[in-house]
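I set out to record what I looked up in this structure, entry by entry. The entries go from the whole chain to single residues.

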Amino acid sequence: MKNIRVIIPSLLVLVFSLYLSPTITANDARPEAVKQVVTKINVNSASVAELAEKLEGVGTEKAQLIVEHREKHGPFTSVEQLLDVKGIGAATLKKNRDKIQL
């Protein structure tokens, strides 16, 4: 009988500690946290290949237009000036705003 008086409270403590302890599940991988690690790209110095690789929705053709625009008009002084480049719209700019460095 004494053993039961010791075992039951011990089991309750064990069960509650397991229940209340933080657990790691597959959902805790938090891909959104990984996405927050952003590599900046300087649109005033990056090559066509770098722009195409690092900017979402920007392929080689759009990257070439970015380079041509900065060569013709000088360096970008604001991120919004990318909207002057043919093929770069508000959606593309929004997707890449955190990655762009001047």
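**Entry 1: the model and the chain.** I noted at the outset that this is a predicted model. I looked up the secondary structure and found five helices and two strands. Taken in sequence order, these elements run α-α-β-α-α-α-β. I then turned to burial: of the 102 residues in the chain, 22% are buried. For the accessible surface I recorded about 7800 Å², with 59% of that area belonging to carbon and sulfur atoms. I also checked the range of the contacts. Of those between residues at least 6 apart in sequence, 46% join residues at least 24 apart.

**Entry 2: the cavity.** I searched for cavities of 30 Å³ or more and found one. The volume I recorded for the largest cavity is about 50 Å³. Which residues line the largest cavity? I listed Leu55, Val58, Ile66, Leu82, Ile88, Thr92, Leu93, Asn96 and Ile100. Sorted by class, this lining has seven nonpolar residues and two polar ones, and no charged residue. I asked next which helix gives the most to the lining. Helix α5, residues 90–96, does so, with three residues.

**Entry 3: Asn96.** I followed the lining to Asn96, which is found in helix α5. Is Asn96 buried or exposed? Its relative accessible area is 2%, and the cut-off for burial is under 20%, so Asn96 counts as buried. I set aside the neighbours within four places in sequence and looked up the remaining contacts of Asn96, which are Lys54, Leu55 and Glu56. Of these, Leu55 is also listed in the lining of the largest cavity.

**Entry 4: Arg97.** I then looked up Arg97, which lies in the loop between α5 and β2 (100–101).

Methods
Residues are numbered from 1 along each chain as its sequence is written. This is a predicted model: local features need pLDDT of at least 70, side-chain atom pairs count only at pLDDT 80 or more; totals for chains, interfaces and linings use all residues. Side-chain values use heavy atoms; hydrogens and water are left out. On a 1 Å grid over the protein atoms alone, a cavity is a set of points where a 1.4 Å probe fits but cannot get out, and a pocket is an open set with protein on both sides within 12 Å along at least five of seven lines; lining residues have an atom within 4 Å of a point. Grid points are joined across faces, edges and corners, and a volume is the space filled by probe spheres set on the points. Helices (H or I, at least four residues) and strands (E, at least two) are DSSP runs, numbered from the N terminus. Ala, Val, Leu, Ile, Met, Phe, Trp, Tyr, Cys and Pro count as nonpolar, Asp, Glu, Lys and Arg as charged, and the others, Gly among them, as polar. Buried means under 20% relative accessible area, exposed over 50%, partly exposed in between (1.4 Å probe, protein chains only). Contact means heavy atoms within 4.5 Å. Accessible areas come from the Shrake-Rupley method with a 1.4 Å probe; for residues, only the protein chains shown count as cover.
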